[in-house]
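This report concerns a single structure, shown below.

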Amino acid sequence: MRRLLLAGLIAFAVLPAAAVTPPASGAPTSTPLDLEPIMANPDWIGHPVEMPYWSVDGRSIYYSLKRDGSPVQDLYRVDAASGQSTKLDPAAMAQAEGPAVFDRTHRHAAYVMHGDVFVVDVSTGRRTQVTRTPQEKSSPQFSADGRALQFRDDNDWYSYDLVSGVTSPAAVLKFANDPQAKKADELGDLQLRLFKTLRDIKADKQALKDEDKALDAADPGRAPAPFFLGDKATAVDTELSPDGRWLLVVTAPKDHDDGKAPVVNHYVTESGYTEPKEARTYVGHNDPARQSLLLLDLREHQSYPLATDDLPGIKDDPLRALRSQTVAALEKDGKSDEAKALKAPDVRGVRVVGSPEDGGGGGIAWSDDGSHLAVQVRAIDNKDRWIANVDFSQHKLVNQQRLTDEAWINWNFNDFGWLKDSRTLWYLSEHTGYSQLYSKSLDGKATALTSGKFEVSHPLLSDDGQWFYVRTNQVAPYSYDVYRLPAKGGALTRVTQYQGMDDFKLSPDGRQLAVLHSSPYIFPQLAVQPSAGGEGHDLTNTIKPAYTAHAWIAPKIVEIPSSHGAGVIYAKYYGPADETEAAKRPAVFFVHGAGYLQNVTLSSSYYFREQMFNNLLVQQGYVVLDMDYRASEGYGRAWRTAIYRHMGHPELEDLLDGKAWLVKNHAVDPQRVGIYGGSYGGFMTEIALLRAPGEFAAGAALRPVSDWTSYNDDYTSDILNEPQLDPESYKISSPIEYADQLRAPLLIEHGLIDDNVMASDSIRLYQRFIELHKKNFWISLYPLERHSFVHADDWHDEYRRIDELFETYLKSPSN
């Protein structure tokens with residue numbers, strides 16, 4: 001249910017800009033739409049440009065496109081000056097570059113390509129292959145002194161000497177007990193006291209061990225001695241300091257029990273047999289594993305645990321009042337064992353923000369010279385986030401910033417790092433209610449580098465350390481562009497003028513930006529422009545003429561007043577060009593998924609099929625409204641957390657305000673309003689029909705969450721807490737609890753092998769309707785679909801049923 005990526009939407013690739021021809025007429029056409037092309041395999045539309053990055057010399061930009069008729073992504077290289085694109089064949093791919101990192105002087109660059117590490121002499125262009133192994137390498141970085149290239153293989157780090165060409169492990173980690181570290185006991189002490197020979201043997205072993213240690217210290221060419229880290233833990237993440245002195249290891253208990261996993265049955269299989277497969281566990285069935293931090297001194301071969309016990313507030317219970325209430329109720333009902341299980345921990349467990357088990361993204365930051373280390377951790381209950389540096393002399397964490405949220409810490413806006421002075425931290429925080437950029441010296445106070453009621457994201461510090469480049473929606477919540485500001489603070493200046501800016505990359509010399517930008521009917525395209533601002537030029541046009549030739553309805557962004565004190569609700573309105581006719585018309589709400597997702601923007605939408613379907617609905621006489629209800633991204637912390645402990649309630653208020661606005665401003669018949677959406681949008685469709693019976697005439701819920709106790713822990717427990725602790729939140733937030741209120745026709749559609757929102761969610765609600773003797777409810781199951789549908793036949797069948805539902809129950813005033 002987290003924000004979905006655009007990757008995977010398009011199944012075919014097309015030629016670059018130079019090969020695309022415009023429609024012969026030069027003007028859009030108004031050919032009537034039908035479901036066949038809208039729900040067909042989208043190769044006829046075109047493809048988003050994906051994953052752009054600069055070449056080492058800064059003259060070209062690489063990017064990826066899906067190949068026609070295949071899931072394969074082809075790699076292209078486009079000249080940044082001329083715009084000439086070249087699709088790389090296998091031979092050219094072998095010589096292609098990957099996203100590069102540079103040493104401090106920009107004399108050398110390094111990248112990973114085809115899973116192996118390469119280093120380039122920037123002045124000559126000479127490329128050296130560092131590794132040739134079947135294992136995937138990652139995270140190349142140059143040492144602080146520029147003499148070595150460091151990289152990782154899973155959680156193991158290696159160092160490549162640029163002069164000698166020798167590669168050696170930076171550290172050897174063994175998650176086992178040291179075979180030579182036997183604990184003394186009374187019997188062993190007696191043996192050594194009685195037998196001189198045993199004492200001599202022990203002394204000889206120690207002498208050899210001391211000699212090896214002395215040789216290791218004197219000869220950097222020797223392989224390092226292993227660190228034995230015990231057999232009770234496993235590595236989650238590791239990060240090597242640029243100076244090669246330290247390694248931070250994030251561990252988790254090896255025997256952690258995630259809880260029982262439900263099974264998803266695959267009925268249509270190549271084997272012909274039903275194949276059961278485990279899915280993710282349910283919320284409340286065991287907390288995520290606690291993580292621990294271990295600092296390894298690679299020079300002295302010592303290890304130091306970094307305790308989190310002294311972080312401010314770590315021993316507080318942010319759910320104390322709720323816990324007391326629930327415990328009292330359990331004890332009153334004679335459930336003392338359940339009450340005892342809810343006892344608050346003495347010290348709350350933490351996880352490193354952005355660690356692989358936490359969703360990725362990087363919660364560990366070394367300064368460029370390796371002299372300082374910062375770690376970002378969050379409490380498992382996700383009510384606190386800390387950024388702490390490491391005191392190497394005391395081997396302890398020193399808190400630098402604590403962010404507390406009585407609801408939950410945002411999944412986004414957790415970027416942080418060091419300025420080029422290697423002494424000052426920068427970070428994003430929702431401290432003011434909106435994500436803003438801050439800096440803080442280790443012994444000073446935090447300074448706000450940006451401020452305002454808009455969101456700052458994607459912070460990128462230029463290699464010279466002079467500028468931050470960020471993505472913001474400062475002009476309007478729905479309009480995004482690149483801005484920049486001095487790294488030490490100053491004016492926030494707009495750099496791009498696209499309004500639908502999706503991502504950007506700074507050129508190696510810092511003078512140009514490669515920008516991905518899009519618009520409502522145009523998938524992300526690549527452009528280049530000066531990094532200080534000014535005119536840019538497009539490098540790609542990957543959308544096909546058959547698609548661009550149609551006269552698509554430009555969605556109108558509207559502001560709908562909230563009658564519940566929420567201010568303005570932004571929405572996209574789809575309607576006919578001429579609304580002068582007086583007759584009342586039907587309307588349809590499309591509800592976006594993911595909850596925390598922004599769909600009302602000037603960029604292209606993840607929901608490109610739904611957008612075309614909305615055009616079809618307008619053609620058939622409906623008007624359509626697509627709202628960024630409360631919980632949506634882009635509007636600040638209060639908008640995001642409005643749903644805390646009562647999902648579906650503020651959002652429904654917003655939808656009802658949207659309906660009232662349509663009735664007042666667009667001649668909509670209040671008795672002929674339908675609603676549809678997928679995932680969180682499917683959940684909201686069910687909530688709308690079950691919690692506001694009579695307001696919506698029909699609804700289609702696609703892959704909906706019908707009972708939040710069946711969803712996962714990471715998403716659900718943040719918003720509703722654990723079900724054992726906060727059962728009332730789950731009860732008032734789950735559609736299945738309102739099943740007796742079904743009045744309007746409801747169509748449920750679900751992928752049968754969905755391992756995100758499992759089909760059992762919809763089947764259980766269906767059974768409730770049966771037992772309640774309800775009418776006009778249907779379920780359509782798709783045996784070969786997961787959460788995100790990928791097969792054109794299933795897309796067509798799904799939306800044919802939705803179209804027929806609305807045609808039957810919304811079209812005629814008599815219904």
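Contact means heavy atoms within 4.5 Å. By that criterion, E653 touches H564 and R630, residues up to four places away in sequence not being counted. The model is predicted: local features need pLDDT of at least 70 and side-chain atom pairs pLDDT 80 or more, whereas totals for chains, interfaces and linings use all residues. Residues are numbered from 1 along each chain as its sequence is written, and side-chain values use heavy atoms, with hydrogens and water left out.

E653 belongs to helix α10 (residues 649-665); helices are DSSP runs (H or I, at least four residues), numbered from the N terminus. E653 is partly exposed, at 28% relative accessible area; buried means under 20%, exposed over 50% and partly exposed in between (1.4 Å probe, protein chains only).

A nonpolar core is a set of buried Ala, Val, Leu, Ile, Met, Phe, Trp, Tyr and Cys residues joined through side-chain atoms within 4.5 Å.

| Core | Size | Residues named |
|---|---|---|
| Largest nonpolar core | 81 residues | L625 and W708, with the most contacts inside it |
| Another core, apart from it | 38 residues | M39, I543, Y574 and Y676 among them |

The axes of α3 (residues 186-194) and α4 (residues 196-218) come within 5 Å and cross at roughly 105°. Axes are lines fitted to C-alpha atoms, for helices over the stretch in contact, with angles from 0 to 180 degrees between N-to-C directions.

Note on methods. Helix = DSSP H or I, 4+ residues; strand = E, 2+ residues; numbered from the N terminus.
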